[in-house]
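Hello,

I am passing a model on to you. Please open it first, then read my notes.

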Amino acid sequence: MRDQYRDGPDVLLVGVDGSDTSLRAGAYAAGMARRQRARLVCLFVRPYSAAAGMNAGATLGIRESYESVAAELRQTAEEQGPRLGIDVVFVERDGNPYTEIVRLAGEIQADAVIVGASTKAGHRFVGSLAVHLVRASRWPVTVVP
């Protein structure tokens, strides 16, 4: 627990993966962090399942693609944070996006989690990352379309 109560969030966690909806979630989270004077933690997760069953060459190509996206997102966060007057931290992890968001939210004592809506049709039936996070109900979750 924190020592003092604040009217508003201290720490916001946003999941980013380079998709249009995650970029909108990042922009929304940055605006919220600026207005609330909160720290913004941006999390990029390289899903380990993406390379399962592939040969080494294909795995390397996928890994390099994720590295490129992460580097671009990190650069944007590091440039835009000071411009907007917000404290931004960029974190990269490997694993399952849901698991890593939940884990990091606990580690940083996030007050809220912001993610982009899934655009995959199958998620209407199986459930998306956002739905799983809402069901975890440990913090407010904002889903940005």
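This is a predicted model: local features need pLDDT of at least 70, side-chain atom pairs count only at pLDDT 80 or more; totals for chains, interfaces and linings use all residues.

Residues are numbered from 1 along each chain as its sequence is written, and side-chain values use heavy atoms, with hydrogens and water left out.

S22 first. S22 sits in helix 1, residues 20–36 (helices are DSSP runs of H or I, at least four residues; strands are runs of E, at least two; both are numbered from the N terminus). S22 is buried, at 3% relative accessible area (buried is under 20%, with a 1.4 Å probe and protein chains only). Its side chain makes a polar contact of 2.9 Å with the side chain of D17 (a pair of N or O atoms within 3.5 Å, one able to donate a hydrogen and the other to accept it; residues adjacent in sequence count only if both atoms are side-chain atoms).

Next, L104 in helix 3. L104 is buried too, at 4% relative accessibility. Beyond four places in sequence, L104 touches L13, V41, L43, V91 and R93 (heavy atoms within 4.5 Å). V41 is 63 residues from L104 in sequence, and their C-alpha atoms are 9.3 Å apart.

Last, helix 5, residues 129–136. Its buried residues are A130, L133 and A136. They lie on the same side of helix 5, because their arc around the axis is only 115° (taken from the directions from the helix axis to the C-beta atoms). They pack against helix 3, strand 4 and strand 5. Just after helix 5, S137 has a positive phi of about 45°.

Best wishes

Technical notes:
Buried means under 20% relative accessible area, exposed over 50%, partly exposed in between (1.4 Å probe, protein chains only).
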